[in-house]
Amino acid sequence: CAFFALLQPLTHALVLYCAPAEVVPTGLHKPDSAIFLHTMRMFETGFYSPYATCQSPLGDHSARLLTTPFYILYAIAGACGSLLRVGDFTMLGIANGFGAACYLLAVYHFMFTILPRHAGRAFTLFVFSGGLGGLLYIACAALGTADTTSFSVWFYRFAIYDLVEGTNLAPYLLMPRLYYTLPLALGFAGLTTCIVSWRVQCSVHLAYAQGLLFVCAALNARLGPPLGGIALLYLAQRGGIPWRRVLHVAAPLVGGVVCASLIMRLNPGFVDNAYAAVRQQMWLTSFVSAGFPLLILAGPAIARDVGSLPRGLRALSFGGIGFLALFTTLFFAYQTYYGTLFTGADHAASVRVSDLSLAGIGLGLIWHAGRGPSRVNLEHGWIVVWAIVFTAVAVSAFGQGWFLRYSPQRLMVFLGIPLSLLAAESLSRIAEARRRLAAACTALVFVCGLPSLLVSTLVFQGPLGMQRGLASDIGMHVAYLARADAACLEQLGPGVVAAPWPYNDIL
């Protein structure tokens, strides 16, 4: 946790002090950095927003321009930076590192609470859960093809979930997003404390857990429904659902989501823009590439244990498997027919086949109905359902894309945990019979994960992305500016200008 907490401050330092000779730092790390930096100063500037136009009924100084609840996290970080006389860009890196540490600690304790015998191994697999992107990039850079236009187009599907920061499987890709890491830390800490309160029958633990869950959902409303779903699956692992305990979790999460929605609706324009920008589902081929080691290891555990689940969870799992099986078949058939299998058209294929794939749920339930009752009570059975259902929902774009308004791709942040736990379960069983094979499988995770971690940190988020022969326009868009452009911008006088992206954020 300490090592990963240092990655973001280190990355920000590298961007500032290790810039290639032909460029200068802009003071940004990624496109969203501009918003974060303005928000860090919002108390000092009287809630100023440079993005408010002359048609804004609120002017350009109003608290209603900055009503997203998680902005308070950045405002607190900015206030701490001012108090300590630390620059905003550096303080943003420190805040991101703090959020990363909290998130990883919360995930570890959550794993230890729900599956203690595999928690250590699963957590290690989780934090190093890189895919094929890092190895492919290093191979292409060594061959001299990583600095070509055709490479950027071809490599995009391998980079987007494995090397570019975002709400992806690997936790180090989430770390530049404090508005996800800290609420997720609160959410998983809340679930952990809730489970402990049920075990020890302590109302104080329960009240504390509900407070954590409420604040989590209030800061980032998108996290409320998935966390509620995880809690529901945990409660259903014995075959029945204790509805009183469901209310223990649902009440604070629903309250937090409602509170966040009311606050955000003070600025409906921002809400509409934000939702329009993130309407996407999880791309299947990119997900397989990014999660390749974990999927290879978790797959046998899912196949072996899905038939041993309680009846309700088993029906849910078989429905999800039926959907995924038909979706995958139609997805690759569509790509093959239109000749886009190697160029990448995951979005179009998903939108076209998602509706037909819903028939797979019925096929899966028919398959389930032909099986007898299960007499095995698996400790990790509900985690199998978690992995299946969240994957099925994440790739969905049914209603000819209507479902994309709920941003199903964001469920990826919840998939690394179950896949890591199931991969650890598989490794444990393999080690009982063939210890060397288990060691080789573990090594596969590091062989993929470490190159992806290095390439993501140094190239796609760091200064090497601007080095000749290593450049990639997939990653570093706004962190650097050509010296000639910087000299030109210095001649601008005061006032308002119209500027294309990324110069608007840089200015």
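Colleague: Are K30 and E165 buried or exposed?
Modeller: This is a predicted model, so local features need pLDDT of at least 70, side-chain atom pairs count only at pLDDT 80 or more, and totals for chains, interfaces and linings use all residues. Residues are numbered from 1 along each chain as its sequence is written, and side-chain values use heavy atoms, without hydrogens and water. The cut-offs are under 20% relative accessible area for buried, over 50% for exposed and in between for partly exposed (1.4 Å probe, protein chains only). Both K30 and E165 are buried.

Colleague: How many residues apart are K30 and E165?
Modeller: Their side chains meet in a salt bridge at 3.3 Å, N to O (a Lys or Arg side-chain nitrogen within 4 Å of an Asp or Glu carboxyl oxygen). K30 sits in the loop between strand 1 (23-25) and helix 2 (33-40); helices (H or I, at least four residues) and strands (E, at least two) are DSSP runs, numbered from the N terminus. E165 sits in the loop between helix 7 (149-159) and helix 8 (171-174), so the pair links distant parts of the chain, 135 residues apart.

Colleague: R41 forms a salt bridge with D88; what does R41 count as by accessibility?
Modeller: The D88 and R41 side chains meet at 2.6 Å, N to O. D88 is in helix 4 (residues 88-114), and R41 is in the loop between helix 2 and helix 3 (71-84). D88 counts as buried because its relative accessibility is 18%. R41 is at 32%, so R41 counts as partly exposed.

Colleague: What does R177 count as by accessibility?
Modeller: R177 forms a salt bridge with E165, with the closest N and O atoms 3.0 Å apart. R177 lies in the loop between helix 8 and helix 9, so the pair ties together parts twelve residues apart in sequence. R177 is at 11% relative accessibility, so R177 counts as buried.

Colleague: Which element gives the largest share of the lining of the largest cavity?
Modeller: A cavity is a set of points on a 1 Å grid over the protein atoms alone where a 1.4 Å probe fits but cannot get out, with lining residues having an atom within 4 Å of a point. The largest cavity has a volume of about 50 Å³ (the space filled by probe spheres set on points joined across faces, edges and corners). Its lining includes F110, W198 and W382. Four of the lining residues, the largest share, come from helix 9.

Colleague: Which element gives the largest share of the lining of the second largest cavity?
Modeller: About 40 Å³ of space lies in the second largest cavity. Among its lining residues are Y172, T457 and Q461. The largest share, three residues, comes from helix 1.

Note on methods:
1 Å grid on protein atoms, 1.4 Å probe; cavity = no way out; pocket = protein on both sides within 12 Å on 5 of 7 lines; lining within 4 Å.
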